[in-house]
Amino acid sequence: MLFDLHTHSHYSDGLLSPQELIQHAKDKGLSLIALTDHDTTDGLEQAQIEADKLEIKLINGIEISTFDDEHPSIHILGLDIKDLSVFGYMQKHNRESRKKRNLIILQKLYDLYGIALDYTDIEKEYKGTIGKGNISQYLTHHGYYPTYKDANSVVMQFKNLPYGIEVKKAIDLIHQSGGLAFLAHPHSLKLNDEQLETKFKNLQLLGLDGVEYAHSKHTLEQTELYKQIALKYGLKLSAGSDFHGAYKQGVELAYGKSDKPLGDKHLIDWL
């Protein structure tokens, strides 16, 4: 069974609408998909309507921007969430937090590169949660850089600006909604093996349910390592491509950047 538990629509920094995402999943032979937009659940209703029509199982999800004392950016996936109303305050807070961060990024683009962007223009162009990926898209679409990769290599210099909510609050919100909380793409924390094991253990003490062990940016060695550490501490497993659409070249639903499906469905026993 083909599945993908980490995807984005144009309600955050993906290119496809929720309906187009579900249709793309159907075309690619998926039978199960989670929509996990950044800091918003706004696309889930549209996705569910299309999933019912095309007979694909949709898992309600969200990717929450968080931080702790050690890391300014930790993404927590909420999967199989049910009561979406609990995320109302968080969505408002994180959008305001993201806007402050985005304005700092725009100022740095001007100070360092002489690129003057009006944030209201970016807000008009994108539907939902606006992040650094949208800024990279805007720079590409408007000719400042020839490719998304070029634009993103500049914007990613500012990725360590803190934003979001405390990681414990995100985990608690996900639990209040009836869902499960997973650490997204642990490679992004840039930790060695020993540090990563400590991180998994500490997050578990805060209530973390599981780890996204398979991801489009994980090597085979990382995938195996994350799986082993997670199982050692009784953490559940998840797998997803982090699909955003064509601008993230080579990342396809269910497969990521490889010719083999991401993750082993038999290891994901909570579905």
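Ala254 counts as buried, at 1% relative accessibility. The structure is a predicted model.

**Backbone angles**

- Most residues other than glycine have a negative phi.
- Ala254, which is not glycine, has a positive phi near 70°.
- Ala254 belongs to the segment after β8 (236–240).
- Asp39 is likewise not a glycine, and its phi is positive at about 55°.
- The loop between β2 (30–35) and α2 (44–54) holds Asp39.
- Asp39 is buried, because its relative accessible area is 0% and the cut-off for buried is under 20%.

**Asp209**

- Asp209 sits in the loop that runs between α8 (193–205) and β7 (210–215).
- A polar contact of 2.6 Å joins the side chains of Asp209 and His175.
- Leaving aside residues up to four places away in sequence, Asp209 touches His175, Gly179, Leu180, Ala181, Leu235 and Lys236.

**Largest pocket**

- The largest pocket is lined by 42 residues, of which Lys132, Asn152, Met156, Lys217 and Lys248 are the closest to its centre.
- At least two lining residues come from each of β4 (74–79), α3 (88–113), α5 (132–141) and α6 (148–155).
- With 4 residues, α6 gives the most to the lining of the largest pocket.

How values were computed
Residues numbered from 1 in each chain as written. Predicted model: local features only at pLDDT ≥ 70, side-chain atom pairs only at ≥ 80, totals over all residues. Heavy atoms only, no water. Polar contact = N/O pair within 3.5 Å; in protein donor to acceptor, adjacent residues only side chain to side chain. Contact = heavy atoms within 4.5 Å. 1 Å grid on protein atoms, 1.4 Å probe; cavity = no way out; pocket = protein on both sides within 12 Å on 5 of 7 lines; lining within 4 Å. Buried < 20%, exposed > 50% of the residue type's maximum accessible area, 1.4 Å probe, protein only.
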